Amino acid sequence: MNARLAVAIALGVGTGACQATTLLHCRLPGQTTPTRVVSAPSGRFVERLGRRHGPFDEVALSTLRASPDGSQLAWAAAVDGAWRVYVDGIAGAPWHGVGELAWSRHGVVYGAEQHGRWRVVTPAGVGPPHTRLIAASIQPCGRRAAYLATDANGRTNVVVGTTAHGPFAAATNLMVSQDCAHHAFAFRGGRRAYVQLDGGRFGPFVDVAEVALSPHLAAASVLTKRGWRVLTVAGRSPPFTAIGRLVLSRQRKRLVFAARSGTGWWIWTRRPST
């Protein structure tokens with residue numbers, strides 16, 4: 001057997017072995033039927049509900065997402081060097097690259113790169129350019145999104161809908177309501193920590209442990225010089241030695257947390273106004 005034939009057999013080329021290879025076969029959350037991604041000699045294909053979409057040069061398997069009701073499927077794929085987001089086979093605009101992808105109640109939200117600049121694409125349109133989008137930070141809200149992005153100097157901007165906050169030395173714990181009306185996040189200015197709850201900024205603090213958000217209330221657990229406190233727009237709790245996880249009720253303006261004072265742990269329940 002000559003070397004050229006051996007390579008052909010190993011690759012399955014010209015020997016009758018050119019069959020589709022399954023790259024992914026799964027039932028995505030919200031779907032009742034499985035989705036398949038296959039690689040064939042003519043390209044890669046996405047198969048769902050008896051339909052085959054493609055061919056594509058590449059399919060980003062990690063981007064496959066079902067809509068909240070499971071009726072639609074979105075994914076990122078490349079053809080002739082251009083990446084697009086496809087919804088049930090319908091192609092979006094071309095980009096040099098596509099990153100994180102998520103669904104909102106109004107459609108697909110994703111990060112896209114063109115000429116070295118990243119933007120967030122939402123049902124409302126294309127957002128401003130950034131040097132980098134921070135991974136896993138995109139959160140759909142209304143027809144837009146909230147996310148973290150860095151500029152050329154490595155500083156972080158917090159974008160909520162059409163409003164940008166910052167830049168900050170660093171920002172974390174971004175949370176946003178489904179309608180973009182309420183948000184909360186922590187950020188650093190120098191060596192000090194701060195919290196933004198909707199439009200109000202609070203601090204400086206020694207550290208911020210947690211930020212929590214419900215449809216009615218935003219709260220944070222912060223370390224001050226006197227100890228740990230729970231912070232809301234309405235005010236602060238007394239200082240504690242330690243604070244457990246914050247629990248916010250979705251139906252009522254109620255905040256519950258465990259706190260240590262002295263030698264014992266206590267359960268605190270508060271109904272602060274917002």
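Q: Before we look at the fold, what is pLDDT?
A: The term pLDDT denotes the predictor's confidence in each residue, on a scale from 0 to 100. The structure above is a predicted model, and its chain averages a pLDDT of 89, with 92% of the residues scoring at least 70.

Q: Where is confidence lowest, and where is it highest?
A: Confidence is lowest in helix H1 (residues 3-11), where the mean is 33, and highest in strand S7, at 98. Across residues 1-17 the pLDDT is below 50, and this stretch has 8 contacts in the model beyond near neighbours in sequence.

Q: Let us turn to aromatic rings. How is a pair of rings described?
A: A pair of aromatic rings is described by the distance of the centres and the angle of the planes. Rings count as a pair if their centres lie within 6.5 Å, and by this rule the count comes to 10 aromatic pairs.

Q: Why is the pair of phenylalanine 56 and tryptophan 75 called edge-to-face?
A: Planes over 60 degrees apart count as edge-to-face. The planes of phenylalanine 56 and tryptophan 75 stand at 75°, with the ring centres 6.3 Å apart, so this pair is edge-to-face.

Q: Which strands hold those two residues?
A: Phenylalanine 56 is in strand S4 (residues 51-56) and tryptophan 75 is in strand S6 (residues 73-79), so the pair ties together parts that are 19 residues apart in sequence. Both phenylalanine 56 and tryptophan 75 are buried.

Q: And what kind of pair do phenylalanine 185 and phenylalanine 187 form?
A: Phenylalanine 185 and phenylalanine 187 form a tilted pair, at 5.9 Å from centre to centre and with 50° between the planes. Both of these phenylalanines are buried. Ring pairs also link Phe168, Phe185, Phe187 and Tyr194 into a cluster.

Q: What lies over the face of phenylalanine 45?
A: Arginine 52 lies over that face, at 4.4 Å from the ring centre of phenylalanine 45.

Q: New topic: where is aspartate 198?
A: Aspartate 198 is in the loop between strand S20 (192-197) and strand S21 (200-205). Its relative accessible area is 22%, so aspartate 198 is partly exposed.

Q: What does aspartate 198 touch?
A: Leaving out residues up to four places away in sequence, aspartate 198 touches Ala181, His182 and His183. The C-alpha atoms of aspartate 198 and phenylalanine 185 are separated by 8.8 Å, and these two residues are 13 residues apart along the chain.

Q: What is the phi of aspartate 80?
A: Aspartate 80 has a positive phi near 55° although it is not a glycine. Aspartate 80 sits in the loop between S6 and strand S7 (82-87). Its relative accessibility is 73%, so aspartate 80 counts as exposed.

Q: And histidine 115, is it buried or exposed?
A: Histidine 115 is exposed, with a relative accessible area of 66%. Its phi is positive, at about 55°, and its place is the loop between strand S10 (107-114) and strand S11 (117-122).

Q: What sheet do S10 and S11 belong to?
A: They belong to an open sheet of 4 strands in the order S9-S10-S11-S12, with antiparallel pairing. Strand S9 (97-104) and strand S12 (125-126) are the edge strands, each pairing on one side only. Between S10 and S11 there are 5 bridges, and the bridge partner of glutamate 113 is tryptophan 118 in S11.

Q: Last topic: how many residues of strand S16 are buried?
A: In strand S16 (residues 156-160), 5 of its 5 residues are buried. Thr156, Val158 and Val160 lie on one side, with Asn157 and Val159 on the other, and both faces are covered.

Q: Which strands pair with S16?
A: Strand S15 (residues 144-150) pairs with S16 in the antiparallel sense over 5 bridges, and alanine 146 stands opposite valine 160. Strand S17 (residues 163-168) pairs with S16 in the antiparallel sense over 4 bridges, and threonine 156 stands opposite phenylalanine 168.

Methods
Residues are numbered from 1 along each chain as its sequence is written. This is a predicted model: local features need pLDDT of at least 70, side-chain atom pairs count only at pLDDT 80 or more; totals for chains, interfaces and linings use all residues. Side-chain values use heavy atoms; hydrogens and water are left out. Rings of Phe, Tyr and Trp (its six-membered ring) pair if their centres lie within 6.5 Å; planes under 30 degrees apart count as stacked, over 60 as edge-to-face and the rest as tilted. Buried means under 20% relative accessible area, exposed over 50%, partly exposed in between (1.4 Å probe, protein chains only). A charge sits over a ring if NZ of Lys or CZ of Arg is within 6 Å of the ring centre and within 35 degrees of the ring normal. Contact means heavy atoms within 4.5 Å. Two strands pair if DSSP finds at least two bridges between them.
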